[in-house]
Amino acid sequence: MRKNTIISITSLTIAILFGIGLGIADAKAKEVKVQIHTVKGSGITEQQVRGWINKANQIDGPNVVFVVDSNHVHEPNTKPTDPNVNDPCRVNIWGLPKCVVTGEPNYISGQKGNIIEIVPGKTDSSGTNVYVKDSTLAHELNHLLGLEHSTDPNNKMYPDNHPDSNGKYTSCHRKDAQITSDQRQQISASIAVTANQAMAAGHGAETYDNIADAVHPSIDLQRTAGWIRWI
């Protein structure tokens with residue numbers, strides 16, 4: 001890339017911020033594009049994930065709508081940590097036999113960057129009883145949008161899986177999936193949402209002074225969000 005790199009990035013940033021300003025002022029739902037990744041034999045199906053995404057849309061709408069634009073079925077040895085299988089401009093939702101990216105051995109879900117993991121959970125003789133609720137994915141998606149845990153068991157950001165005094169994890173702690181007006185405003189103005197909107201609006205491509213410099217077709221979602229935070 002040549003000497004106009006800084007100018008290009010600055011122009012991109014201005015374009016993103018301009019798009020953000022319009023997006024916040026617009027009452028229309030903001031779309032966040034997601035990819036579904038399921039691993040064969042994991043116990044999580046595409047149909048399940050789509051159902052959980054529909055639940056997330058019921059809760060977060062009309063402020064934010066999660067839109068599936070592709071589905072991928074992977075072989076059992078596929079690693080979700082491999083950058084070649086994730087789209088940096090999308091939220092990547094993985095159905096896995098166990099959490100790999102976040103490394104949480106006792107959890108049925110986790111979120112790191114633009115990757116969300118959902119695993120079947122388990123019920124065994126040791127007393128561990130963890131499983132996916134229809135609000136589990138909505139909970140993780142909203143972590144990605146910047147929401148922290150709630151202390152209200154009727155709020156969807158209340159953690160569902162708790163260990164007891166013996167360290168055994170169980171579900172059933174989140175009683176409902178309500179969302180407060182403050183949380184609704186926060187997800188609507190989320191950096192992750194506005195970055196996704198900027199990418200969808202075509203502001204993800206940098207301007208190059210020579211076609212030979214264009215080695216990257218777009219700036220990824222996480223980097224775009226980082227630029228917005230910096231500004």
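Which residues does Leu137 touch, not counting residues up to four places away in sequence? The points below take up this question and related features.

1. Basis. This is a predicted model, in which local features need pLDDT of at least 70, side-chain atom pairs count only at pLDDT 80 or more, and totals for chains, interfaces and linings use all residues. Residues are numbered from 1 along each chain as its sequence is written, and side-chain values use heavy atoms, with hydrogens and water left out.

2. Contacts of Leu137. Leaving aside residues up to four places away in sequence, Leu137 touches Val49, Trp52, Ile53, Ile93, Ile116 and Ile118. Contact here means heavy atoms within 4.5 Å.

3. The largest nonpolar core. A nonpolar core is a set of buried Ala, Val, Leu, Ile, Met, Phe, Trp, Tyr and Cys residues joined through side-chain atoms within 4.5 Å. Buried means under 20% relative accessible area, exposed over 50%, and partly exposed in between (1.4 Å probe, protein chains only). The largest such core has 38 residues, of which Phe66 and Leu137 touch the most other members. Elements giving two or more residues to this core include strand E1 (30-39), H2, strand E2 (64-74) and helix H3 (136-144). The largest share, five residues, comes from H2. Helices (H or I, at least four residues) and strands (E, at least two) are DSSP runs, numbered from the N terminus.

4. Asp60. Asp60 lies in helix H2 (residues 46-60) and is buried, with a relative accessible area of 0%. Beyond residues up to four places away in sequence, Asp60 touches Phe66, Asn142, Lys156, Ile179, Arg184 and Ile187.

5. Helix H3. Nine of the nine residues of H3 are buried; among them are Thr136, His139, Glu140, Asn142 and His143. Just after H3, Gly146 takes a positive phi of about 105°.

6. The sheet. Five strands form an open sheet in the order E2-E1-E3-E5-E4, with mixed pairing; two strands pair if DSSP finds at least two bridges between them. E2 and strand E4 (109-112) are the edge strands, each pairing on one side only. Neighbouring strands are turned by 20° against each other on average, direction ignored, where axes are lines fitted to C-alpha atoms, for helices over the stretch in contact, and angles run from 0 to 180 degrees between N-to-C directions. E1 and E2 run parallel and are joined by 10 bridges, and Val34 stands opposite Val68 in E2.

7. Cysteines. A search of the whole structure finds zero disulfides, a disulfide being a pair of cysteine sulfur atoms within 2.5 Å. Cys99 counts as buried because its relative accessibility is 10%, whereas Cys172, at 40%, counts as partly exposed.
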